[in-house]
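Hi,

Here is the structure I promised to pass on to you. Have a look at it first, and then read on for my notes.

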Amino acid sequence: MIEVYILNLVIFISIYMLTSVSFNLSFGQTGLLNLAHISFFGLGAYTSAILSLRGTPFFLALLLSGLMPMIFAFILSLVNRKLKGDYFTLATLAFAILSYNIVLNSVELTGGPHGLRNIPKPIIFGLDFNNIFLYAIFTVFLTLMGVFFIHRIAKSSFGRVCLAIRDNNDLAESLGKNTFKIKVIVLLVASFLTGVAGCLYASYVTFIDPTVFDAMEMITILAIVVLGGLASIKGTIVGTFIILMVPEILRFLDISTAIIGPLRVLLYSLILLVIIYYKPRGLYGKIAIE
Amino acid sequence: MVKSQSNDIISIENVSKSFGGHLVLDNCSLKVRRNNITAIVGPNGSGKTTLFNVICGSIKPDSGDIYLDEKNIKTLSVNRISNMGVSRIFQQSSFFPNLSIAQNLLLAIDDEDTKFVKNIICAEPLKDKEKIITDTLRLLGIKVNLEHLPHELSFGQQRIIEIARSLIKPHKIIIMDEPVSGLSPAMKKNMKNLFLQLKKNKETLFLAEHDINFVNKIADRIVLIDKGRIILDTTPKKIKNKSLFAKIYLGE
């Protein structure tokens with residue numbers, strides 16, 4: 001039983017890690033505070049669930065669950081051409097709320113508030129991923145690939161341009177950088193990997209409802225990235241472990257399960273506030289959050 | 001037949017710009033010559049920085065045309081104009097504050113770093129780039145710790161690093177907005193020698209400056225702007241005799 005508990009935790013940590021490292025690429029590295037990042041996760045989860053329930057092969061569903069959020073990320077990029085900084089963030093928040101409501105009200109396609117049930121777990125090359133051990137290996141493998149890809153971006157000269165855009169967009173343009181193109185690429189990459197994380201989530205829990213779009217989940221992702229430190233992949237990895245492990249303590253306390261959920265969000269918000277106030281660079285970041 | 005290169009690198013023709021009904025540039029026409037130092041002087045609010053912004057593409061003119069090497073650039077974006085060879089130094093020291101001096105300079109070398117796939121697959125030719133940086137800093141006679149952050153340098157050092165950045169960037173012309181403003185007399189003297197060195201190297205500079213003595217020592221041409229209009233276009237030798245210049249600029 002304890003093995004199942006640990007493997008379950010490994011799967012969730014991997015999924016959150018992939019989502020958070022992607023968010024760190026757009027927010028920490030490039031300065032795009034995209035509050036619709038969680039919508040990419042939801043879009044990936046729903047795309048995968050809808051396709052899997054209609055018998056689409058898993059790998060195709062996985063690919064499309066990455067590609068679908070990219071379309072929406074591209075639309076968001078167009079918004080960013082006109083709206084900068086806080087205005088862009090507000091637009092992404094509006095996008096997150098809008099996508100949540102669309103999913104909530106498209107009852108025929110998404111099941112509305114009841115969500116989608118009995119999402120099949122993948123069978124790949126004859127391997128049945130109902131086996132939690134196999135699913136954990138698969139999830140960790142995809143997460144490591146995603147993290148390695150983002151590490152390559154962050155350490156490349158392209159990653160340096162992203163940092164430059166975050167620091168001073170106008171100066172980057174005056175040095176000849178096409179900042180719009182770079183932001184589009186960053187949002188596309190982040191949305192693809194987050195969509196894949198959404199697919200991994202939907203296939204694992206086999207049930208999703210519109211709460212996967214919940215803006216409150218952004219607090220968890222924000223807490224991970226801010227705790228780890230902006231633009232630090234190592235920080236995001238450590239941050240994911242800390243943020244996901246801390247609430248596990250609550251399980252061993254005599255608290256009603258109805259309270260655990262809100263308590264978790266409260267705890268994350270508290271961590272976020274403490275870090276911003278006392279350690280604005282987070283654990284491994286070089287840049288203070290402003 | 002090969003077309004001979006024009007002597008003018010930038011040609012501004014009848015450019016006007018107003019903000020909220022206030023005319024900031026009034027039918028400005030001006031040519032900036034290749035391999036020359038052209039200085040534009042004028043009181044605060046006369047339109048110098050706006051003129052630079054219009055050339056660099058961050059502000060679009062209401063009317064008129066701007067040519068860079070005979071190509072009309074008035075509708076082009078800032079990054080495209082920059083990649084066509086316009087380097088710029090801003091009035092306020094401008095850096096990427098969380099990046100080291102080395103990283104700040106590396107960003108100026110080319111725009112290959114914006115190519116996503118290439119940069120993910122191939123390694124960056126860092127040694128070649130570092131050589132460009134060390135050679136340029138040697139030319140400017142400045143020694144700084146390249147791993148420092150910009151705010152760890154003195155104001156004078158920051159200004160020289162900005163000049164280094166504009167030289168490292170592939171350029172045809174460098175536009176400088178008050179490059180010696182706020183510097184100590186000793187530092188200004190160093191900067192004067194630096195500009196004379198750049199002049200010797202046949203750099204094309206177009207700068208705005210308030211310090212007339214400094215401008216007189218380094219510029220080939222001096223242009224006087226007032227209330228958005230080009231009033232005078234002359235040489236440093238002649239300028240001392242121009243009563244109009246004294247009246248507008250020095251208030252005499």
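This is a predicted model: local features need pLDDT of at least 70, side-chain atom pairs count only at pLDDT 80 or more; totals for chains, interfaces and linings use all residues.

**Where the chains meet**

Let me start with the contact between the two chains. Chain A brings 26 residues to the contact, and chain B brings 29 residues. Together they bury about 2500 Å² between chain A and chain B, with carbon and sulfur atoms giving 62% of that area.

What about charged and polar links? There are two salt bridges across the interface of chain A and chain B. You can find one of these by looking for Lys177(A), whose side chain meets that of Asp113(B) at 3.1 Å, N to O. Polar contacts join 13 residue pairs between chain A and chain B, counting pairs with both residues at pLDDT 80 or more.

On the chain A side, helix 6 (132-155), helix 7 (157-167), helix 8 (169-174) and helix 9 (179-205) each supply at least two of the residues that touch chain B. Helix 7 of chain A has the largest share of that side, with eight residues. By class, the side of chain A that touches chain B has 13 nonpolar, six polar and seven charged residues.

**The largest pocket**

Next, turn to the largest pocket, which has a volume of about 750 Å³.

The largest share of the pocket lining, seven residues, belongs to helix 13 of chain A. Sorted by class, the lining of the largest pocket holds 19 nonpolar, five polar and six charged residues.

**The largest cavity**

How many cavities of 30 Å³ or more are there? The count comes to one. The largest cavity has a volume of about 40 Å³.

Its lining consists of Asn24(A), Leu25(A), Gln29(A), Ile150(A), Ala154(A), Ala231(A), Ser232(A) and Ile233(A). Helix 1 and helix 6 of chain A are the elements that give two or more residues to this lining, and helix 1 gives the most, with three residues. Five of the residues lining the largest cavity are nonpolar and three are polar, with no charged residue among them.

Happy browsing, and do write back with any questions.

Best wishes

Conventions
Residues are numbered from 1 along each chain as its sequence is written. Chains are lettered from A and ligands numbered from 1 in the order in which they are written. Side-chain values use heavy atoms; hydrogens and water are left out. Contact means heavy atoms within 4.5 Å. Buried area is the accessible area (1.4 Å probe) that two parts lose on being put together, summed over both. A salt bridge is a side-chain nitrogen of Lys or Arg within 4 Å of a carboxyl oxygen of Asp or Glu. A polar contact is a pair of N or O atoms within 3.5 Å; within protein, one must be able to donate a hydrogen and the other to accept it, and residues adjacent in sequence count only if both atoms are side-chain atoms. Helices (H or I, at least four residues) and strands (E, at least two) are DSSP runs, numbered from the N terminus. Ala, Val, Leu, Ile, Met, Phe, Trp, Tyr, Cys and Pro count as nonpolar, Asp, Glu, Lys and Arg as charged, and the others, Gly among them, as polar. On a 1 Å grid over the protein atoms alone, a cavity is a set of points where a 1.4 Å probe fits but cannot get out, and a pocket is an open set with protein on both sides within 12 Å along at least five of seven lines; lining residues have an atom within 4 Å of a point. Grid points are joined across faces, edges and corners, and a volume is the space filled by probe spheres set on the points.
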